Amino acid sequence: MKMNFYDEFQKYRETFIKDLQGLLRIPSVLTEFNPNSSHPFGDGIHEALEYMLKLGERDGFTVKNVDNYAGHIEIGAGEEILGVLCHLDVVPTGDGWKYPPFGAEIHDGKIYARGALDDKGPTMCAYYALKMLKDLGVKFNKRVRIILGTDEESGWRGLKYYLTKEPIPDVGFAPDANFPLIYGEKGILTGEFSGNVTCDGVYQFSFGERTNVVPDKATAVIDGKFKERFYKFLQDNDYSGSVKELDNGTIEVTVNGKSAHAMEPEKGLNAGFVLVEFLHKITNNKLVHFIHKYLSFDTRLTKTNLNYTHEVMGDLTCNVGVCRYENEEVKLLLNFRYPLNTDVEKMTRVLSEKAQEFGLTYKVISDSKPHYVDPESELVRTLHQAYIKYTNDTETPIMTIGGGTYARSFKNAVAFGPEFPNKEALIHQPNEYAILEDLFLATAIYAEAIYNLTR
């Protein structure tokens with residue numbers, strides 16, 4: 001079948017937008033994980049999962065809900081499975097939105113919502129690609145499954161559970177990154193510093209909600225005598241912040257930064273680091289001084305000589321994502337994206353030594369090893385050709401990234417779109433949006449790719 005799937009898609013534009021808006025309006029943010037609940041990831045994520053499965057039923061696909069942990073939409077026959085790995089959960093919205101983050105409003109050809117690009121928009125692209133092929137009567141030599149994950153932004157518990165109940169796909173892609181194609185992903189490691197630290201004038205200190213997001217707000221409770229000095233700090237450095245008077249002679253100071261994805265922390269401004277810049281001058285608090293000495297404004301870990309780099313995968317990056325300090329107890333969570341040649345054991349040893357200087361301990365919480373697929377493989381070549389057919393872009397190279405997608409869940413899978421080269425991407429930031437024409441084009445590319453992978 002020789003067909004231009006972009007032209008074929010045009011008849012689906014209105015229903016695509018309607019279905020996408022319905023999905024984007026569901027606030028599918030993880031509230032808490034409760035394995036004893038019928039909705040283990042909360043009502044919002046469950047609603048998003050049910051929404052997609054009902055679309056599948058509406059359009060005549062085979063659908064399966066795997067114990068409310070994940071699900072799939074399937075068509076085709078055969079022993080092999082082509083998995084399209086999507087996720088329906090989104091990160092918290094944060095502040096600073098121009099339009100309601102779950103409004104799915106369209107302005108100037110852009111649809112604004114949390115999840116528009118990560119990953120509800122691409123999920124709908126993959127779904128409509130498969131729907132279009134089904135409506136055309138295409139026969140598949142594999143089972144094609146759109147796998148609907150529910151916990152990608154927090155811990156992958158949904159997909160991990162799914163893969164204990166369902167067979168691992170033989171080949172696949174995750175529409176959750178960049179075009180032309182991602183054939184390698186850095187390792188993702190979460191580390192934790194903890195311990196007990198005497199207040200020394202800092203009674204509370206907190207920033208961040210997720211390790212994979214650069215914190216855009218930080219707060220601390222300190223002695224009220226530092227109020228004017230704090231205001232001067234903000235003014236002298238052109239930072240944004242505020243002061244709240246408390247009852248006991250203390251004040252709560254707040255600073256604002258800029259959020260960004262943890263794979264590119266240098267694109268954000270870590271509010272925790274901004275506040276540490278002030279606090280380390282007025283206190284002997286060991287947590288503050290530890291962050292200042294070894295972590296502040298150092299996304300490449302140069303201060304600890306752990307700045308690994310790789311000729312293909314690039315630099316190790318570090319995001320200090322979550323801090324909780326109260327009642328003299330410390331919990332500090334870091335997110336590392338590391339390339340192939342990183343000595344993780346050495347990194348753990350060095351960070352433990354640095355922590356001990358300040359009475360803290362360090363441990364690894366989780367570690368997902370780097371993922372790499374041969375760039376000359378049939379999978380990579382097939383997907384890349386689908387991209388080239390609809391873009392005529394032969395110049396932009398396929399690449400590796402610091403982000404982590406579901407593609408790393410099994411050996412023969414890569415990340416594939418939906419972000420086109422040289423486009424603004426506000427993933428994990430306020431005012432996330434997707435350009436509708438880009439989503440339409442991505443749908444055609446996915447249809448071409450699925451068709452060619454199932455011949």
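**Pockets, cavities and a helix crossing**

The lining of the second largest pocket comprises 11 nonpolar, 7 polar and 9 charged residues. Here Ala, Val, Leu, Ile, Met, Phe, Trp, Tyr, Cys and Pro count as nonpolar, Asp, Glu, Lys and Arg as charged, and the others, Gly among them, as polar. The model is predicted: local features need pLDDT of at least 70 and side-chain atom pairs pLDDT 80 or more, whereas totals for chains, interfaces and linings use all residues. Numbering runs from 1 along each chain as its sequence is written, and side-chain values use heavy atoms, with hydrogens and water left out.

**Pockets**

- On a 1 Å grid over the protein atoms alone, a pocket is an open set of points with protein on both sides within 12 Å along at least five of seven lines, a cavity is a set where a 1.4 Å probe fits but cannot get out, and lining residues have an atom within 4 Å of a point.
- The second largest pocket has a volume of about 600 Å³, and among its 27 lining residues Asn 178, Met 263, Glu 264, Lys 267 and Glu 419 lie nearest its centre.
- Strand β21 (residues 399-401) supplies the largest share of that lining, 3 residues; strands are DSSP runs of E of at least two residues, and helices runs of H or I of at least four.
- The largest pocket holds about 770 Å³ of space, and of its 36 lining residues Glu 152, Glu 153, Trp 156, Ile 188 and Asn 335 lie nearest the centre.
- The lining of the largest pocket has 9 nonpolar, 14 polar and 13 charged residues.

**Cavities**

- There are 2 cavities of 30 Å³ or more.
- The largest cavity, of about 110 Å³, is lined by residues including Leu 117, Phe 420 and Leu 439.
- Strand β24 gives the most to the lining of the largest cavity, with 3 residues.
- That lining divides into 7 nonpolar, no polar and 4 charged residues.
- The second largest cavity holds about 30 Å³, and its lining has 4 nonpolar, 5 polar and no charged residues.

**Helix crossing**

- The axes of α6 (residues 227-237) and α7 (residues 271-279) come within 10 Å and cross at roughly 125 degrees.
- Helix α6 is therefore oblique to α7, as angles under 35 degrees count as roughly parallel, over 145 as roughly antiparallel, 65 to 115 as roughly perpendicular and the rest as oblique.
- Arg 229, Phe 230, Phe 233 and Asn 237 in α6 meet Val 274, Leu 275, Glu 277 and Phe 278 in α7, where contact means heavy atoms within 4.5 Å.

Note on methods. Axes are lines fitted to C-alpha atoms, for helices over the stretch in contact, and angles run from 0 to 180 degrees between N-to-C directions. Grid points are joined across faces, edges and corners, and a volume is the space filled by probe spheres set on the points.
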